[in-house]
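Here are a few friendly notes to read beside the model.

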Amino acid sequence: SDWVGEIRWEPSDNIEVSVSHQVNKFYGTDIGRYYLDYAGLASNLYYETPFGSEDGLYALSATTVVEYDNHYEKTDIIAQISDLFELPGGSAAMVVGYEGFDNIYSAQYDKHSEGGYVGGSAGNSGAGDRSVDSYFAEVLFPVANGLEVNAAVRSDDYSDVGGNDSFKVGVLWEGEKGTSIKANTGTGFRAPTMDTLYGVTTFSANTATDYLACANAGISQSACASKQVSTLITSNPNLAAETSDSTTFSISQDLGELTPALQNVSVRLDWYNIQMEDLISSVSTQDVLYSDFTNGNLLTSNYEYYASGGLTNDGSAAGAPVGTGTSATCPANAAYYKRLGTSPALYTIRSCANGRIDYVGASYANQGEFEVEGYDFFVDYTVELGGGDLDFTLEYSQIEDYGGAPFIGSDAHQNNVGFNGYPENRYNLILNYTWGDYGIGVTNRHIGDFAFNSDCASSEEGGLCTKAGPYQDKYDTIDIQARADFGKYGSITVGVINASDKDPLPDKGGVNYDSYTGLYDNRGKITYVRWKISL
């Protein structure tokens, strides 16, 4: 046996009745010993297992399980008309269609997690369903020789988040002198995912910094220490969709068509701008606390006051309500207060006595705007040299703006270009030389520098940040590759990636590892041989 359970009954000082029973496992874990103590008319049941024992280890452990089910059915109907009518540049064409799908989503967690018996909360079950009907059409008008205009429209109707209409208009012009111009403008739409709409409340003890409490205690922001804050993370069934406006422009030119001196030289410039609104943002504990500190737009100026009685395990008030107001100043008979958010899932609950944060409600919200703007530049040049062809290629990318609000709940715009993990530019410079069945290539991969740290203004100044050192240096690596084609015996490629074995992670402080893995290949120097045979 693993343990013996015992029930003791002591009706008086000189009488004791005990009943023991041998038990093995219950749901795969040991459940310890139970004692029933009787005193007068009251009886209590206690659960006792020594922490230092193997039984204690089993009693504190649990196997968390979640079963996801995503039932998806889709129907597509598409009709294409190639010769709609004639225009000076050719025949107009049109595509119309319907797309419909039904989606039933569920995430079923084990009952120990749902019931709150697992430390830290592994999650809660959630379920929902969605039906979508979409209609779309696109037309192509060759209005003249070398000039095309295309337009597209799409209408989406979601059963849970409403509908949206989006469009795109584009123009393509190809001149006689090797010039090509493209321009597009349009709108976009992205519905919230099922889990952000239908997930059930989950408890988490998140680490965050309560700047408001520190300010009230006379502690500066820099000296304000972080701590764990009880947080209830809730889905938001009232989420709306994200929307976007985008514009792109591209011009390419075969320079050899303009002058023989630039024969075999072609260039292309692409510019883009994307503006997103009503971003579906995951509002964290820190976001809510910072909005509470700055009077940001996650929380309102409406408060509820409660008498003593504490909080329930779901964060809701257990004390009697004693009024409402628009100030954190509590009435005389209140023990704690709740500041309401822009949705019921967003709030803070604090003690009236000392302003201590007791609970934070976090969720998802349509908050903020985001803008991305930049351009790409391409150059290609090919020349005959020594019986072979030498090809030079430059692929250059420049980011002008990449950012939005410095924190959720702020209306300011923070351009993150040049900050940690966001270099302003990068390029690939490629040289390839081929002769007959052989070739060799060298690639210089370049990533621009950026600041590791930032100096951020106070909340009253909008919270905007400026770059601060130390800086990550510009990063260059060299890749080398040689190729040979042996016909029926296959082709062999030998190469070295990052031939100088350059380390992408210099420790200069403020290292953000996730930023690096998105920029650099941290595998170091790689030598490879490939043999390919086509039968």
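1. The S-S torsion of Cys 214 and Cys 224 is about 75°, so this disulfide is right-handed; a disulfide here is a pair of cysteine sulfur atoms within 2.5 Å. Cys 214 lies in helix 4 (residues 211–216) and Cys 224 in the loop between helix 4 and strand 14 (226–233), so the bond ties together parts 10 residues apart in sequence. Helices (H or I, at least four residues) and strands (E, at least two) are DSSP runs, numbered from the N terminus. Cys 214 is buried at 11% relative accessible area, and Cys 224 is buried at 10%. Buried means under 20%, exposed over 50% and partly exposed in between (1.4 Å probe, protein chains only).

2. A word on provenance: this is a predicted model, where local features need pLDDT of at least 70, side-chain atom pairs count only at pLDDT 80 or more, and totals for chains, interfaces and linings use all residues. Residues are numbered from 1 along each chain as its sequence is written, and side-chain values use heavy atoms, leaving out hydrogens and water.

3. The structure holds 2 disulfides, and one of them joins Cys 330 to Cys 352. Its S-S torsion is about -80°, so that disulfide is left-handed. Cys 330 is partly exposed at 22%, and Cys 352 is partly exposed at 24%.

4. Do look at helix 5 (residues 285–294), where 8 of the 10 residues are buried. Among them are Val 288, Leu 289 and Phe 293. Asn 295 follows helix 5 with a positive phi, near 55°.
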